[in-house]
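Subject: Structure handover

Hello,

Here is the structure we spoke about, with the sequence alongside. My notes follow below it.

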Amino acid sequence: MVPEGLEAIVTLTYSYAVKVMATQNAIVRALPAVETLGSVTVICSDKTGTLTQNIMSLTAFVTSNARYKNNVDGADRVPDNFVRDDSYLAERAVQTLKKTGSEILADGPNNPAGRRGHNPSNHFTVDSLHTTEQPDQAAKVAHPDSHFPFENGSSPTKEWIQSALSCGVLCSKCVLGEGGGREGEIGNPTELSILRASYFSGIDIEELKNDCPIVAEVPFSSEYKFMATVHEPTAADNAPDGKLVAYVKGAPDRMVKQCKFQAKGGVAGEDNLEPIDENYWIEQIAILSSHGLRVLGLCRAFVDKDTINSGDQLGREFVDGRPEGKWLTMVGLCAIMDPPRPECVQAIAEAKSAFVRVAMITGDHKDTATAIGHMLGIVDETYSEAVTGPELDAMSDDELRKCVMSHNVFARASPQNKIRIVKALQAEGQVASMTGDGVNDAPALKAANMGVAMGKEGTDVAREASEMILADDNFATIVYAVKQGRVVWDNLRKVLLVNTPINNSQGLSVLLGLLVRLPNTPITAIQILYSNFICAVTLGFVAAIEPAEDGIMDLPPRRVGKRLVGRFLFLRIILGTCLLTGCVVGAAKIVDIMGINDGLDVDERNYKIRAVAFNVLDFGAMSVTMSARFAYNSSFHPRVLKGNPAALASCAIVTVLQLMLTYIPGLNTFVFGMKGMDGFGWMLVIVSMVLIFVIMELEKALRRSLKASGSDTDDREPGPFDSTVAPPVDMKLPKGASKLNLQELNH
């Protein structure tokens, strides 16, 4: 018999799951979408702000002889965030080893063309990059002293960091956000990354700017791609008498062309100058660009005080039109990127273990997307390359279907590309989730099986088109939601495994009791109504709110078209029904036989029979519930006492109520038609509980053994009543999709 409260229980299960997900920033807009989450096989995610932090950060600083790695996730303001690591980003990325400098530039973030669909935020792009034919030679350090100024593996001092990055701090009109974050920040993200790195190294930005006010400046222009400021020197600058210090930052290729010297190890002062090795610096630009990093050159020089008037607005010729020609000193290169969210790396690994692919769709350049993909674990041996939007545009539908199954990274993608990718995945039988934040993402969100909109950066149109909203715009939240989608499906099956045998036993016990010639029905109508109510409210609710079971994310996604009650769940329900019914009727028959032997009349025997049968039914239901709490794992484990406080609370409530109904005079006889039990009756109840629990656990052990041998014990293969034919997918773009790029937003 199907539980009459099944519809209410399903709604309750969905609602509870929605409530739990909302506490973790996943807001589900439609209850059925919870179930869809458990079937997702591919998650297509935007990059910026979802997989990455949406904060441009200085990740590395390269000098003439060293490379310094910056901990972009560090929360403490200490110089130890920088560590000298000469192996960090020391070679070109694997996918660019055979590329020329121009090809690296074309596919990287320093391309003047910018990202597809919107204006570039990198103002210091590279115009041309002509590297040597022997990059291995050019990549060698320009100043070979590996111990100067700090040992490899050690952290630099605060004073050195301030001196090395002072150009990026002082040669800037940007304002850093509160606490180094984005709130309240003003200025270009690339420039702000240097201020942020300085701030988290312990440098007081405002104090430094107050101590070194601007005397004169060359404003930035996209025409010449640099800016310069002139300042009064401090003691740390080691400036000669009668000199001012000029800081120049800009596109690295242009900075190299204006440099006559390089600072040994990035140390300031005329004593640490040496002729510049242009090939070295050009190759470093190529190496950093190949890893998808924006590159910014920091330079300095001294100028005579009598040639500068306070408040001067200097022209570009101050930098690149001087009579002496090259005159600057190259201090170092800043490598800047929007780093991955740390939690996303673990989330993607969890998705992989759950047989869920993660695809990244971005408007960024190919090398940038590939580099981020490597860091996140999206790019691996199976999915080793990225494909661009223009390449997708040139593909036929059949070619696109093959492409989406062999690539995880889609760069320079447009909204039309997103729609085609979703439809191609669906045509291949995949259940696709798609993220989006812009107005133009709405068609793709609608087309996806599970549209996911951004709550912080997203538009109202995108949110209305989606089934779920991420309040924190974090990819890890999607993986959490997928996990909860699987939990909901499992819990629905557990609810059926608890309630259905109990309901079946209530009716079958009456029928079977009459067949074995009991003097009357072993349980009365009021007992059946009570058991039906109390078990559904307490024990059934326990199954509906079970947390995720260990190993649930080690299983493949639920097959589309799979029925809630599969073959093995049906067998488990039959087993539970037979055990519970058999124990109720068997215990009743034993009490009846002993009553006859003791010479009891029919009424007395009925009182005892119904007391034992009633308690065996409800306490046996507890055994079914405790076994059903774990669909895959054994309940012969301390875990059965943990994880779900409602389980023990429900059992305690049922126990107390059973004792009250059994022993309160009047209530037991006049209402429920039974009398208090003796020790033998409780022994029958306990034996029945243990028997039901042990046999159901032995069945689980048998299923685990069969599963280990390769049998399908989870009903993953289609059954005779399952839908196996997927409806055809229309690969055509919706009407008006060709105009989506007119107002394309940042992804």
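Which residues make the nonpolar surface patch of about 400 Å²? In this predicted model, the patch consists of I590, M594, F680, M683 and V687. Two elements, α20 (567-597) and α24 (679-708), each give two or more residues to this nonpolar patch. Helix α24 supplies the largest share, three residues. I590 belongs to helix α20. With a relative accessible area of 37%, I590 is partly exposed, because that class runs between under 20% for buried and over 50% for exposed.

The remaining notes concern strands β3, β4 and β5. Strand β3 (residues 57-62) runs antiparallel to strand β4 (residues 67-70), and three bridges join the two. A hairpin of four residues connects β3 to β4. Within this pairing, A60 has K69 of β4 as its bridge partner. Strand β4 also pairs with strand β5 (residues 82-84), again in the antiparallel sense and over three bridges. Here Y68 stands opposite R84 of β5.

Regards

Note on methods. Residues are numbered from 1 along each chain as its sequence is written. This is a predicted model: local features need pLDDT of at least 70, side-chain atom pairs count only at pLDDT 80 or more; totals for chains, interfaces and linings use all residues. Side-chain values use heavy atoms; hydrogens and water are left out. Two strands pair if DSSP finds at least two bridges between them. Patches are made of residues with over 30% relative accessible area and no salt bridge: like charges are joined within 9 Å, nonpolar side chains (Val, Leu, Ile, Met, Phe, Trp, Tyr) within 5 Å. Accessible areas come from the Shrake-Rupley method with a 1.4 Å probe; for residues, only the protein chains shown count as cover. A salt bridge is a side-chain nitrogen of Lys or Arg within 4 Å of a carboxyl oxygen of Asp or Glu. Buried means under 20% relative accessible area, exposed over 50%, partly exposed in between (1.4 Å probe, protein chains only).
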